[in-house]
Amino acid sequence: MPNTFTQIYIQIVFAVEWRQNLIQPDHKEEVHKYITGIVRNKGQKLIEINTMPDHLHMLVGLRPDIALSDLVREVKKSSTLFINGNNFVKGRFNWQEGFGAFSYSHSHLDKVIGYIRNQEKHHGKTSFKKEYMMLLRKFDVAFEPSYLFDFPEERDEAEYEL
């Protein structure tokens, strides 16, 4: 697109179906490389990616020649086929429907990259549900709680008391 100049940075977040812990550390790097290839093949720039066992964060430099939902759909579809085709999980792997997308200015990229890289440390203190709700509120995204990712019911601590 001649004479089109953009600077669009989007953090994309989505979860494994039923929030199962299926992305194992020994396959994480292969999954990241594969998803990076998908994003590049769509003409976009993957700046940072990190997966936890039950969800993914990626920061993308988005060009205006593709709809964000089309990019996410292709990443989910192709990475699902890759994970299942390589038998990285017992049974069937799938991503949950939907995603979160949050835009950032160029001046915030270092902070977002650090945040994505440090997901393991971050989730030592904060659940994915709490993190996701924080992002939605921080970006003032109106949402209906019943349409959020399927979060497993958190067990009541009292159940474990003797």
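**View A. Lys-28 and Glu-120 pair up in a salt bridge.** In this predicted model, the closest N and O atoms of the two side chains sit 2.2 Å apart; a salt bridge here is a side-chain nitrogen of Lys or Arg within 4 Å of a carboxyl oxygen of Asp or Glu. Lys-28 belongs to helix α1 and Glu-120 to helix α4 (residues 119-122), so the contact ties together parts that are 92 residues apart in sequence. Helices (H or I, at least four residues) and strands (E, at least two) are DSSP runs, numbered from the N terminus. Lys-28 is buried at 17% relative accessible area, while Glu-120, at 40%, is partly exposed. Buried means under 20% relative accessible area, exposed over 50%, and partly exposed anything in between (1.4 Å probe, protein chains only).

**View B. Arg-19 meets Asp-54 in a salt bridge.** Here the N to O distance is 2.0 Å. Both ends come from loops: Arg-19 from the one between β1 (9-15) and α1 (25-41), Asp-54 from the one between β2 (45-52) and β3 (55-61), with 35 residues separating the partners. Arg-19 and Asp-54 are both buried.

**View C. Arg-63 and Asp-65 form another salt bridge.** The closest N and O atoms are 3.7 Å apart in this pair. Arg-63 is partly exposed at 44% relative accessibility, and Asp-65 is partly exposed with a relative accessible area of 44%. A search of the whole structure turns up 8 salt bridges.

**View D. Stepping back, the chain has 5 helices and 4 strands.** Follow the sequence and you get β-α-β-β-α-β-α-α-α. The radius of gyration (taken over C-alpha atoms) is 17 Å, close to the 15 Å that the globule rule gives for 162 residues, so the chain is as compact as a globular protein of that length. That rule is 2.2 Å times the number of residues to the power 0.38. As for contacts (heavy atoms within 4.5 Å), residues 24 or more positions apart account for 70% of those with a separation of 6 or more. Buried residues make up 43% of the 162.

**Notes for the views.** Residues are numbered from 1 along each chain as its sequence is written, and side-chain values use heavy atoms, leaving out hydrogens and water. Because the model is predicted, local features need pLDDT of at least 70 and side-chain atom pairs count only at pLDDT 80 or more, whereas totals for chains, interfaces and linings use all residues.
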